[in-house]
Amino acid sequence: MPSRRLVGASALLLASLALTACDAGSALSDSSDGPSGPARSGAAGTDSQEPAGRLVANVKRGATVPVDKIVSVRATDARLTEVTLSSSSGSVSGALADDGRTWTASDRLEPGESYTVKALAQGADGAPVRRTTSFATQALTLDDQTYPSVAPLAGETVGVGMPVIVSFDVPVTDRAEFERHMKVTSEPAQRGSWHWLSANEAHWRPAKYWQAGTKVSVDVDVNGVAAGNGVYGQEDREVDFEVGDAHVYKVDAAAHHMSVFSNGKLLRTLPITTGKPGFTTRSGTKVIMEKYDRKRMNSETVGIAAGSADAYDIDNVQWAMRVTASGEFIHAAPWSTGSQGHANVSHGCTGMSTADAGWLYEMSRRGDVVEYTGTDRPMTLDNGYGDWNASFADYAKGSALR
């Protein structure tokens with residue numbers, strides 16, 4: 001089972017109480033409906049007395065609660081001075097209100113755990129008020145939990161077109177609740193939006209391409225968050241990455257060339273070939289998804305049957321960079337150099353000489369932008385990193401909070 005990030009221990013102590021054998025105890029109620037009645041205790045040789053204050057928790061002793069329960073403690077006729085919430089998997093931090101009347105946990109709970117909440121307060125008469133109570137959380141199987149995978153990777157440097165991608169291994173039906181706990185921040189700040197492609201995948205992109213040099217932080221704070229249908233988030237994820245130089249490659253399939261720009265400056269114009277009739281290359285904005293210095297390319301993976309006139313199986317295709325999930329690549333195509341710059345003869349990929357492909361491969365990274373024009377076949381939003389093939393206004397409509 002994947003490891004969980006343990007929330008750091010926290011104990012909030014606003015005042016110290018010197019406790020002696022004559023200190024009186026009080027009650028931490030085990031009901032969210034209100035106190036169950038004051039507890040009475042007295043020191044040996046003294047009369048039992050009712051304490052001046054009372055503590056109320058929103059969990060019952062011995063109860064089994066869902067993992068998205070946010071534990072809280074409330075003091076009546078008393079001021080809280082210390083609250084701890086802990087289990088064998090660690091402690092849960094919390095915040096004490098300025099007036100000392102309430103304490104609220106700052107995180108959710110782990111499944112299948114036994115928790116103990118300990119509260120200490122000072123009653124209106126100055127006497128200590130304290131109580132310990134225990135409860136449990138529901139056990140969850142892996143089918144009851146959804147794990148978030150995040151792209152880009154931590155520490156990765158990406159191109160200006162790279163979306164943030166969060167994939168879930170179990171479907172999220174309450175997308176709005178999850179989206180409330182998924183944040184993307186950047187320096188410099190850039191406006192953006194989430195867009196759910198499915199119950200298993202959410203993307204975030206800025207309104208315009210990232211600014212070169214941007215530092216980005218992704219906080220997927222979904223551990224214990226209800227995903228709907230009895231499913232909960234399995235783990236929090238935090239990922240920081242950077243945006244490199246602005247590489248934008250402009251492909252004109254009708255003119256058979258690619259113009260390579262870096263930070264707005266034209267570096268080179270390369271002769272290319274794209275898809276022939278029946279295998280037309282898509283026009284629109286694509287983003288480099290993967291890079292392979294060598295890759296086997298087999299027509300059966302894109303629906304062309306072995307033995308047909310258009311079948312192919314080429315091993316060790318050099319300098320291959322994927323730009324669609326459906327199988328379009330930019331790669332070296334030494335077999336078509338006679339057509340590059342003159343005709344479209346490929347099965348949809350963008351081919352160029354081995355030298356040109358190696359030069360482009362060396363400077364490129366995941367997230368670099370390739371803008372295609374010159375064909376009547378459109379690129380779609382869900383074909384790989386197709387996030388830029390919609391206006392930002394339309395893209396933002398894919399947010400669960402719109």
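I call a residue buried under 20% relative accessible area, exposed over 50% and partly exposed in between, with a 1.4 Å probe and protein chains only.

**Ground rules.** I'm working on a predicted model, where local features need pLDDT of at least 70, side-chain atom pairs count only at pLDDT 80 or more, and totals for chains, interfaces and linings use all residues. Residues are numbered from 1 along each chain as its sequence is written, and side-chain values use heavy atoms, with hydrogens and water left out.

**Salt bridges.** My criterion is a side-chain nitrogen of Lys or Arg within 4 Å of a carboxyl oxygen of Asp or Glu. I searched the whole structure and got 13 salt bridges.

I looked up Arg282 and found it bridged to Glu328, with 2.7 Å between the closest N and O atoms. The two are 46 residues apart: Arg282 is in the loop between strands E24 (265-271) and E25 (284-287), while Glu328 is in the loop between strand E27 (313-322) and E28. (Strands, E, are DSSP runs of at least two residues and helices, H or I, of at least four, numbered from the N terminus.) Is Glu328 buried or exposed? I get a relative accessible area of 4% for Glu328, so it is buried. Arg282 comes out at 14% and counts as buried too.

Next I checked Arg108 with Asp107, a salt bridge at 3.9 Å, N to O. Arg108 is buried at 10%, and Asp107 is buried at 8%. I also noted that Asp107, Arg108 and Asp221 are linked in a salt-bridge network.

Asp394 and Lys397 make another bridge, at 3.4 Å between the closest N and O. Here Asp394 is partly exposed at 42%, and Lys397 is exposed at 60%.

**Rings.** I pair rings of Phe, Tyr and Trp (its six-membered ring) if their centres lie within 6.5 Å; planes under 30 degrees apart are stacked, over 60 edge-to-face, the rest tilted. That rule gives me 8 aromatic pairs. One of them is Tyr292 with Phe329, tilted, at 6.5 Å centre to centre and 50° between the planes. Tyr292 sits in strand E26 (residues 290-298) and Phe329 in strand E28 (residues 329-332), so this pair ties together parts 37 residues apart in sequence. Phe329 is buried at 5%, whereas Tyr292 is partly exposed at 25%.

Tyr292 also has Lys295 over its face, 4.4 Å from the ring centre. (For a charge over a ring I want NZ of Lys or CZ of Arg within 6 Å of the ring centre and within 35 degrees of the ring normal.) Lys291 has its charged end over the ring of Tyr361, at 4.2 Å from the centre. Elsewhere, ring pairs join Phe168, Phe178 and Trp196 into a cluster.

**Cores.** A nonpolar core is a set of buried Ala, Val, Leu, Ile, Met, Phe, Trp, Tyr and Cys residues joined through side-chain atoms within 4.5 Å. The largest has 36 residues, and Phe178, Met182, Val184, Trp194, Trp210, Val218 and Phe241 touch the most other members. Strands supplying at least two residues each include E12 (148-151), E15 (182-187) and E21 (237-243). E14 gives the largest share, 4 residues. I then noted another core apart from this one, with 22 residues, among them Val59, Leu85, Val129 and Phe135.

Beyond its neighbours within four places in sequence, Trp210 is in contact (heavy atoms within 4.5 Å) with residues including Gly159, Met162, Trp204 and Phe241.
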